[in-house]
Amino acid sequence: MPASIKIAPSILSADFTRLGDDIRALEAARADWIHIDVMDGRFVPNITMGPLIVAAVKRITTLPLDVHLMIVQPDAHIVAFADAGADRITVHLEADTNLHRTISAIREAGCSAGVAVNPHTPAIALEAILPYVDMVTVMTVNPGFGGQALIAGMWEKVRALRRMTDVLGVHIDIQVDGGINADNAQMAVNAGANVLVAGSSVFKHPDGIAGGVEALRDALI
Ligand code: DX5
Ligand code: ZN
């Protein structure tokens, strides 16, 4: 697996009665980042976790915490998540009317800044913000729940974004999030993604968390 590819397991599918054990298993499996899905019941139908969980995870790991905010008005919560220990904060383009200001706030708080787009948002909507972010996230499912099937039409969006970053000469991560497993991981990388978020394919793998991370890694040439 090339070194520039990062595997970011999403703890949305972890066992929350033993979250510490699952985090330690991710470390042992040499996951690259820990992806934390924050949902508010407004931007998406589901409600999950907040800064309290980010702070708890931070206490037991040195892995970078990749916090994905699926919340309305994310600008109001940047400092809380940065203070809780987020290393990277991603907000949704569809949830923010002053995206450039929010991106600046994320960086001022000392974090890497990302922008995510839902499946219906075209790549071109990201063009003006690309020079200001560290990462873009292409949602390969409609956000809200783990365990959904990937929407194959999203590969073309990843390809379009990689072409745009090449033309602009900006070096940013392209993350794919939702329905990623060992059968499609290489397709994501071929399209131009270099950060793979995976929830159920890691945590529900028959060989456990280590088996799930290893299966993704083995699927990549
Ligand atoms: C979807 C979340 C994803 C998702 C990943 O709303 O942002 O991170 O839970 O889980 P799987 O890999 O199960 O789709
Ligand atoms: Zn996510």
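Q: Is I124 buried or exposed?
A: This is a predicted model, and in it I124 counts as exposed because its relative accessibility is 54%, where exposed means over 50%.

Q: Where does I124 lie?
A: I124 lies in the loop between β5 (112-117) and β6 (135-139).

Q: Let us turn to the metal. Which residues coordinate the zinc ion (ligand 2)?
A: The zinc ion (ligand 2) is coordinated by H35 through NE2, D37 through OD, H68 through ND1 and D177 through OD. The distances run from 2.0 to 2.3 Å.

Q: What is the geometry of that site?
A: The site of the zinc ion (ligand 2) is octahedral, with six donor atoms and angles of 69 to 171° among them.

Q: What spacing do the donors follow along the chain?
A: The spacing is H-x1-D-x30-H-x108-D. Within it, H35 and D177 link distant parts of the chain, as they are 142 residues apart. H35 belongs to strand β2 (residues 34-39), while D177 belongs to strand β7 (residues 173-177).

Q: Are H35 and D177 buried or exposed?
A: Both H35 and D177 are buried.

Q: With which side chain does that of D66 make a polar contact?
A: The side chain of D66 makes a polar contact with the side chain of H35, at 2.8 Å. H35 is also one of the zinc ligands.

Q: Where is D66 found, and is it buried or exposed?
A: D66 is found in strand β3. D66 counts as buried because its relative accessibility is 0%, and buried means under 20%.

Q: What else does D66 touch?
A: Leaving aside residues up to four places away in sequence, D66 touches A8, W33, I34, H35, I36, R88, T90, M135 and Q175.

Q: How far apart are D66 and V158?
A: They are 20 Å apart in space, C-alpha to C-alpha, and 92 residues apart in sequence.

Q: Why does D173 count as buried?
A: D173 has a relative accessible area of 19%, and the limit for buried is under 20%, so D173 falls on the buried side.

Q: Which residues does D173 touch?
A: Not counting residues up to four places away in sequence, D173 touches W33, R88, D134, M135, V136, N194 and V195. With N194, the side chains make a polar contact at 2.7 Å.

Q: Where is A28 found, and what separates it from I209?
A: A28 is found in helix α1 and counts as exposed, at 64% relative accessibility. The C-alpha atoms of A28 and I209 are separated by 9.4 Å, although these residues are 181 residues apart along the chain.

Q: Finally, the whole protein. How many helices and strands does it have?
A: The protein has eight helices and eight strands. Its radius of gyration is 16 Å, close to the 17 Å that the globule rule gives for 221 residues, so the protein is as compact as a globular protein of that length. The C-alpha trace spans about 45 × 35 × 30 Å along its principal axes.

Q: How much of the protein is made up of buried residues?
A: Buried residues make up 54% of the 221 residues. The accessible surface comes to about 9400 Å², of which carbon and sulfur atoms account for 53%.

Methods:
Residues are numbered from 1 along each chain as its sequence is written. Chains are lettered from A and ligands numbered from 1 in the order in which they are written. This is a predicted model: local features need pLDDT of at least 70, side-chain atom pairs count only at pLDDT 80 or more; totals for chains, interfaces and linings use all residues. Side-chain values use heavy atoms; hydrogens and water are left out. Donors are N, O and S atoms within 2.8 Å of the metal (3.2 Å for Na, K and Ca); water is not among the atoms, so sites may look incomplete. Four donors count as tetrahedral if all angles lie between 85 and 135 degrees; four count as square planar and six as octahedral if opposite donors are over 155 degrees apart and all others between 65 and 115; anything else is irregular. Helices (H or I, at least four residues) and strands (E, at least two) are DSSP runs, numbered from the N terminus. Buried means under 20% relative accessible area, exposed over 50%, partly exposed in between (1.4 Å probe, protein chains only). The radius of gyration is taken over C-alpha atoms; the globule rule is 2.2 Å times the number of residues to the power 0.38. Accessible areas come from the Shrake-Rupley method with a 1.4 Å probe; for residues, only the protein chains shown count as cover. A polar contact is a pair of N or O atoms within 3.5 Å; within protein, one must be able to donate a hydrogen and the other to accept it, and residues adjacent in sequence count only if both atoms are side-chain atoms. Contact means heavy atoms within 4.5 Å.
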